[in-house]
Structure formats: C-alpha cells, structure tokens
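Biologist: Hi! Could you walk me through this one?
Modeller: Happy to, here it comes.
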Amino acid sequence: MAAGEYVSVSSQADAESADEEKERGELVNQPDAELLALTGIHEKRGLSRGLAE
C-alpha cells in the first residue's frame with residue numbers, strides 16, 4: 001500500500017514539475033501572450049483589468 005502512495009505522490013510531483021517547466025518556457029518565448037492569459041484569469045476572478053495587469 002505504501003508503494004502505491006509513493007508512486008502516486010511521485011507521479012504528481014513529476015507532472016507539476018513538467019507543468020512548471022512548460023510555463024517557464026512560455027514566459028520566455030511568449031511573454032505578451034502569457035500576460036494576456038494571466039490578466040484574463042484574474043479578471044474572471046473579479047479584478048479590474050488595470051489591477052489584473
């Protein structure tokens with residue numbers, strides 16, 4: 001049972017690491033698109049556009 005939990009946690013950590021690496025690459029290669037995406041996320045959460053930016 002412990003082995004299954006270890007594999008689950010390890011897989012989750014690997015997935016999060018891969019997502020983080022992808023986001024870092026996008027920030028370097030497409031900073032304007034990333035700014036728009038993040039601005040949109042914060043606007044949907046209720047912030048004004050100016051504050052979201």
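Biologist: Is E53 buried or exposed?
Modeller: E53 counts as exposed, at 55% relative accessibility. Buried means under 20% relative accessible area, exposed over 50%, and partly exposed in between, with a 1.4 Å probe and protein chains only.
Biologist: What should I know about the model itself?
Modeller: This is a predicted model, where local features need pLDDT of at least 70 and side-chain atom pairs count only at pLDDT 80 or more, while totals for chains, interfaces and linings use all residues. Residues are numbered from 1 along each chain as its sequence is written, and side-chain values use heavy atoms, leaving out hydrogens and water.
Biologist: Which salt bridge partner does E53 have in R49's neighbourhood network, and what else is linked there?
Modeller: E43, R49 and E53 are linked in a network of salt bridges. The R49 and E53 side chains meet at 3.4 Å, N to O. A salt bridge here is a side-chain nitrogen of Lys or Arg within 4 Å of a carboxyl oxygen of Asp or Glu.
Biologist: How many salt bridges are there in the whole structure?
Modeller: The search finds 4. Among them is R24 with E20, at 2.6 Å. K22 also pairs with E26, their closest N and O atoms being 3.8 Å apart.
Biologist: Switching to T39: buried or exposed?
Modeller: T39 is buried, at 1% relative accessibility.
Biologist: And what does T39 contact, leaving aside neighbours within four places in sequence?
Modeller: T39 is in contact with R49, A52 and E53, where contact means heavy atoms within 4.5 Å.
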